[in-house]
Amino acid sequence: IKDPIRIVITGAAGQIAYSLIHQICNGDVFGKDQSVILHLLDITPMMTMLQGLVMEIEDTSLPLVKGVVPTDSEETAFKDVDVALFVGAMPRKEGMERKDLLSANVKIFKSQGTALEKFAKKSVKVLVVGNPANTNCYILAHYAPSIPRESFTCLTRLDHNRAKAQIATRLKVSPDTVKNIMIWGNHSSTQFPDVRSGTVTVNGKETPIYEAVKDDNWIKNEFVSIVQKRGAAVIAARKLSSAMSAAKAICDHMRDWWQGTKDNEWVSMGVISDGSYDIEKGLVFSYPVQIKDNKISIVQGLKLDEWSREMIEKTQKELVEEKNDALKATSSD
Ligand code: NAI
């Protein structure tokens, strides 16, 4: 068993964390030989609840867990962490304007970014889940300038998994045979789920998705729209946002980052843009990526038709606006 790594989970008393913690403690993400110390951050009113969660973690009796630190202090939470999962955020309340939501979150991510900069290991790997995930990640990175830009990511793997599932359901095949699809842009309803380079195994043969589906209209309209609106559909039915599937996606994202992606396969991650595909440099944008030796690389050279470019442009435009509003909110703070 390897020496423990320290993992902070923010929003630890929330519903995603509740589904996530067991998978981390069980070795599903960082490996069956990797012990862990969990730092669980939430706001002060949630501390009693967090105590209950700590009891439950103890009661799992899992051998990889070498310690649990429940806290409402950012210093304690981020001290010496190797991995930081930012799940907590200010939820949208009824009647709240998008701008109010953004400025509430800017406050949180400014404060947590500053603490990350001060207290975390410089090698920390960061995943932002709390919404608006891309822009929260942008603000976090802005306030943690000494941590390498490649270490900041946001979650679009849930969207990626949703897209995979839709294709698999339509073709009545197993989702693991759906490969090299991707999500571009914002984790929002402007995201672009793209299957142009994707393949699927039908009757034992790897086939381009467009060829297998045989209905471009369905892909361009229904499929894209279902994936874009899937989060809202889950909320409408469950009266709560996706949690089990979000936790699973977080595990997929971190496991691939830690252990690498398969050869010739890629996954979707929100990363700080280096300008690839003419996206504004510095924007936190979801791209197809490959990972080797813990290094994330954006897949290069994919062909984009005019429609795809328009879709990408639309989601970029929304992200630029969000980023500008967020930066404005930091200066009025
Ligand atoms: P939840 O409301 O059940 O839990 C959020 C927790 O964060 C609460 O315990 C709350 O007290 C805590 N929190 C709030 N402010 C905090 C702060 N400043 N520091 C530490 N903790 C704080 O929410 P749930 O369902 O667990 O979702 C968490 C976030 O993930 C939401 O913002 C949600 O929109 C987002 N989400 C993102 C997805 C993605 O694919 N990127 C998918 C699903 C959800």
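Cys154 stands opposite Gly270 in strand E11. That pair belongs to strand E6, residues 152-154, and E11, which pair in the antiparallel sense over 2 bridges. Strands here are DSSP runs of at least two residues, helices are H or I runs of at least four, and both are numbered from the N terminus. Two strands pair if DSSP finds at least two bridges between them.

Two remarks on what we are looking at. This is a predicted model, where local features need pLDDT of at least 70 and side-chain atom pairs count only at pLDDT 80 or more, while totals for chains, interfaces and linings use all residues. Residues are numbered from 1 along each chain as its sequence is written.

Back to E11. Gly270 also stands opposite Ser286 in strand E12. E11 and E12, residues 284-292, run antiparallel and are joined by 6 bridges. E11, residues 267-272, is mostly covered, with 5 of its 6 residues buried. Buried means that 20 or more other C-beta atoms, placed from the backbone, lie within 10 Å of the residue's own; 12 or fewer is exposed, and in between is partly exposed.

Elsewhere in the model, strand E1, residues 2-10, runs parallel to strand E2, residues 34-41, with 7 bridges joining them. Leu40 in E2 is the bridge partner of Ile9.

Next, helix H5. Angles go from 0 to 180 degrees between N-to-C directions, and axes are lines fitted to C-alpha atoms, for helices over the stretch in contact. Why is H5, residues 133-142, largely enclosed by the rest of the structure? Because 9 of its 10 residues are buried. Among them are Asn134, Cys137 and Tyr138.

Helix H4, residues 98-119, packs with H5 at an angle of about 40°, their axes 7 Å apart. Contact, meaning C-beta atoms placed from the backbone and within 7 Å, is made by residues including Leu102, Phe109 and Leu116 of H4 and Ile139 and Leu140 of H5.

Last, the ligand. 27 residues surround the ligand, and the closest are Gly11, Gly14, Ile16, Gly88 and Asn131. A residue is near a molecule if its C-beta atom, placed from the backbone, lies within 6 Å of it.

Notes. Two residues are in contact if their C-beta atoms, placed from the backbone, lie within 7 Å.
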